[in-house]
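Here is a short note to read alongside the model. Please keep the sequence and the structure in view as you go through the points.

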Amino acid sequence: MHLAAAAALLATCAAAAQSPDTPTDYLRDMDANRDGRVQLVEYQDYLSYAFTQIDRNRDGTLQPHEYPPGVTPRPGPLRTLDEHQAALAKQFRLQDGNHDGTLDARELGQPPR
């Protein structure tokens with residue numbers, strides 16, 4: 001699933017929650033241990049929320065019938081949580097501009113390199 005599709009799923013499932021507006025808001029929401037930086041596992045947990053919410057049978061694979069109305073699954077093999085988190089790890093590494101293994105608010109607000 002492309003990052004845009006993941007973002008659409010996140011938006012669909014979290015519609016009732018207040019959405020973050022700024023990189024600082026994202027940092028606050030993702031930073032589970034409150035150390036002021038986002039580690040890979042925090043990034044994956046935050047951005048996997050929608051996946052886990054729509055995986056109704058909790059088998060770690062998104063079935064076409066589990067997608068919210070208006071979201072079309074990508075063609076090809078079914079997407080697994082492991083594949084989703086591997087894609088997020090790749091995205092995280094691209095956003096980690098200083099390669100320190102964490103993201104700060106500035107890096108969260110920058111396009112991946």
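By about how many helical turns are aspartate 25 and arginine 28 separated in helix 2? The answer is about one helical turn, because the two are three residues apart in that helix.

This is a predicted model, in which local features need pLDDT of at least 70 and side-chain atom pairs count only at pLDDT 80 or more, while totals for chains, interfaces and linings use all residues. Residues are numbered from 1 along each chain as its sequence is written, and side-chain values use heavy atoms, with hydrogens and water left out.

1. The side chains of aspartate 25 and arginine 28 form a salt bridge of 3.2 Å, N to O. The term stands for a side-chain nitrogen of Lys or Arg within 4 Å of a carboxyl oxygen of Asp or Glu. Aspartate 25 is buried at 18% relative accessibility, whereas arginine 28 is partly exposed at 46%. (Buried means under 20% relative accessible area, exposed over 50%, and partly exposed in between, with a 1.4 Å probe and protein chains only.)

2. Helix 2 covers residues 23–30, and its buried residues are Asp25, Leu27 and Met30. They pack against strand 1 (38–39), helix 3, strand 4 (102–103) and helix 6 (105–109). Helices (H or I, at least four residues) and strands (E, at least two) are DSSP runs, numbered from the N terminus.

3. In the whole structure, four salt bridges are found. One of them joins arginine 37 and aspartate 100 at 2.6 Å, N to O. This pair is 63 residues apart, with arginine 37 in the loop between helix 2 and strand 1 and aspartate 100 in the loop between helix 5 and strand 4. Arginine 37 is partly exposed at 23% relative accessibility, and aspartate 100 is partly exposed at 38%.

4. Arginine 37 also meets aspartate 104 in a salt bridge (3.8 Å, N to O). Aspartate 104 lies in the loop between strand 4 and helix 6, 67 residues from arginine 37. At 17% relative accessibility, aspartate 104 is buried.

5. The axes of helix 3 (residues 40–47) and helix 5 (residues 81–95) come within 10 Å and cross at roughly 125 degrees. (Axes are lines fitted to C-alpha atoms, for helices over the stretch in contact, and angles run from 0 to 180 degrees between N-to-C directions.) The two helices are therefore oblique to each other. Angles under 35 degrees count as roughly parallel, over 145 as roughly antiparallel, 65 to 115 as roughly perpendicular, and the rest as oblique.

6. Tyrosine 46 is in helix 3 and is buried, with a relative accessible area of 19%.

Technical notes: Contact = heavy atoms within 4.5 Å.
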